[in-house]
Amino acid sequence: MIGSFFYGVIVNPFYLWPDHLVSDADELRAGQKANITLASADRMYAARVASLAPVAVQAVSLAGDSGSVTVETMLDLEGDMTGLRPGSSATVKIFTDHRKNAVVVPYEAVCQRGEQEYVFTIENGRAVQNPVVTGYLLERVIEVRSGLEGGETVILSPSDELENGAKLE
């Protein structure tokens with residue numbers, strides 16, 4: 001699954017109201033799955049989009065400066081809600097796109113040489129340099145749209161000196 005990141009505030013133990021930029025709101029629909037991570041905890045909570053506000057709101061500072069235009073979204077929290085407290089800050093990832101069998105690798109596996117991105121894999125004890133086309137960047141992984149089949153063993157943070165065919169120890 002592929003998603004977008006937003007920030008919000010928990011207003012009670014059952015709902016979360018994140019604000020989304022208007023440019024992102026077109027991708028949101030009721031029923032979409034979401035993950036919520038509290039700023040103060042290393043835990044993820046499940047949710048679904050319940051509704052979108054019918055109108056956008058523009059923030060204005062006390063000095064009269066205009067801010068971004070956002071759309072309020074209500075999320076229904078699901079499952080165990082231990083640790084959630086009203087007023088807590090949270091990062092919200094709403095899954096706006098779904099790709100079955102998407103190939104993803106840790107973002108540390110992708111390197112760039114010139115204009116081309118590569119992922120080094122290990123085959124028969126040797127490094128194999130695979131040109132790839134990347135897609136969405138999620139929290140810890142990046143989608144590889146072409147260049148890998150999935151299931152390969154990848155090399156994380158390859159050195160700039162690593163070459164195609166190099167023997168690995």
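This is a predicted model: local features need pLDDT of at least 70, side-chain atom pairs count only at pLDDT 80 or more; totals for chains, interfaces and linings use all residues.
Residues are numbered from 1 along each chain as its sequence is written, and side-chain values use heavy atoms, with hydrogens and water left out.

The chain comprises one helix and 12 strands, where helices (H or I, at least four residues) and strands (E, at least two) are DSSP runs numbered from the N terminus. In sequence order, the elements follow the pattern β-β-α-β-β-β-β-β-β-β-β-β-β. Of the 169 residues, 31% are buried; here buried denotes under 20% relative accessible area, exposed over 50%, and partly exposed the range in between (1.4 Å probe, protein chains only). The accessible surface of the chain is about 10,200 Å², and carbon and sulfur atoms contribute 50% of this area. These areas were computed by the Shrake-Rupley method with a 1.4 Å probe, and for residues only the protein chains shown count as cover. Among contacts (heavy atoms within 4.5 Å) between residues at least 6 apart in sequence, 66% link residues at least 24 apart.

The interior was examined in terms of nonpolar cores, each being a set of buried Ala, Val, Leu, Ile, Met, Phe, Trp, Tyr and Cys residues joined through side-chain atoms within 4.5 Å. The largest core has 13 residues, of which A34, I36, A47, L75, V92 and I94 touch the most other members. Strands β3, β4, β6 and β7 are the elements that give two or more residues to this core. A second, separate core consists of nine residues, including V103, V105, A109 and V110.

Strand pairing was assigned where DSSP finds at least two bridges between two strands. Strand β3 pairs with β4 in the antiparallel sense over five bridges. Strands β3 and β7 also run antiparallel and are joined by five bridges. Residue I36 stands opposite Y45 in β4 and opposite V92 in β7. Both I36 and V92 are among the residues of the largest core that touch the most other members.

Two salt bridges are present in the structure, the criterion being a side-chain nitrogen of Lys or Arg within 4 Å of a carboxyl oxygen of Asp or Glu. In one of them, R48 pairs with E78, and the closest N and O atoms are 3.2 Å apart. Because R48 belongs to strand β4 (residues 44-52) and E78 to strand β6 (residues 66-78), this pair ties together parts that are 30 residues apart in sequence. Both partners are partly exposed, R48 with a relative accessible area of 31% and E78 with 33%. The other salt bridge links R145 to E143, with 3.3 Å between the closest N and O atoms. Here R145 is partly exposed at 48% relative accessibility, whereas E143 is buried at 4%.

Q32 occupies the loop between α1 (22-25) and β3 (33-38) and is buried, with a relative accessible area of 13%. Its side chain reaches the backbone nitrogen of R29 at 2.7 Å. This is a polar contact, defined as a pair of N or O atoms within 3.5 Å; within protein, one atom must be able to donate a hydrogen and the other to accept it, and residues adjacent in sequence count only if both atoms are side-chain atoms. Apart from neighbours within four places in sequence, Q32 is in contact with E27, A47, R48, V49, I94, F95 and T96. S88 lies in the loop between β6 and β7 (89-97) and is buried at 15% relative accessibility. The C-alpha atom of S88 is 7.1 Å from that of L38, although the two residues are 50 positions apart along the chain.

Positive phi values were found in residues other than glycine, including N124, with phi near 50°, and S157, with phi near 45°. N124 is located in the loop between β10 (116-123) and β11 (126-137) and is exposed at 81% relative accessibility. S157 is placed in the segment after β12 (141-146) and is likewise exposed, with a relative accessible area of 54%.
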